[in-house]
Amino acid sequence: MLKKDLIELCLLYLLSVEDLYVYELLRRIHEAFPDTRESAVYALIRNLSKEGYTIQYEGKTSDGPTRKYYHITDAGAEKMNCLLCEWVRLRDALFALGVR
């Protein structure tokens, strides 16, 4: 599992808890992975939507520009579960090798 997959797992997990707009997704991912470039996260968010794992919609307007929110789809929930199973498998393999 590469860092890309791990960040995708985190994005899908965050969206499984609640719908979020891009800036909030970026902020939370950056907290966990501070060395990750914003453009890379944007690309992952776009790809998740393009592949049908998330949908985008416009939220309520405020004084600023309209926020684009993301919502996880059923396919996205399945993808999240597959990525999570892969993460657990890799973690267990590392533990079996003595890596703690």
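Reader: At roughly what angle do the axes of helix H1 and helix H2 cross?

Author: This is a predicted model, in which local features need pLDDT of at least 70, side-chain atom pairs count only at pLDDT 80 or more, and totals for chains, interfaces and linings use all residues. Residues are numbered from 1 along each chain as its sequence is written, and side-chain values use heavy atoms, with hydrogens and water left out. Helices are DSSP runs of H or I with at least four residues, strands are runs of E with at least two, and both are numbered from the N terminus. The axes of H1 (residues 3–17) and H2 (residues 22–32), which are lines fitted to C-alpha atoms over the stretch in contact, with angles from 0 to 180 degrees between N-to-C directions, come within 11 Å and cross at roughly 130°.

Reader: Is Glu-8 buried or exposed?

Author: Glu-8 has its place in helix H1, and, not counting residues up to four places away in sequence, Glu-8 touches Leu-44, Leu-48, Lys-79 and Leu-83. Buried means under 20% relative accessible area, exposed over 50%, and partly exposed in between, with a 1.4 Å probe and protein chains only. Since its relative accessible area is 4%, Glu-8 is buried.

Reader: Which elements do the buried residues of H2 pack against?

Author: The buried residues of H2 are Val-22, Glu-24, Leu-25, Leu-26 and Ile-29. These residues pack against H1, strand S1 (20–21), helix H3 (38–50) and strand S3 (68–72).

Note on methods
Contact = heavy atoms within 4.5 Å.
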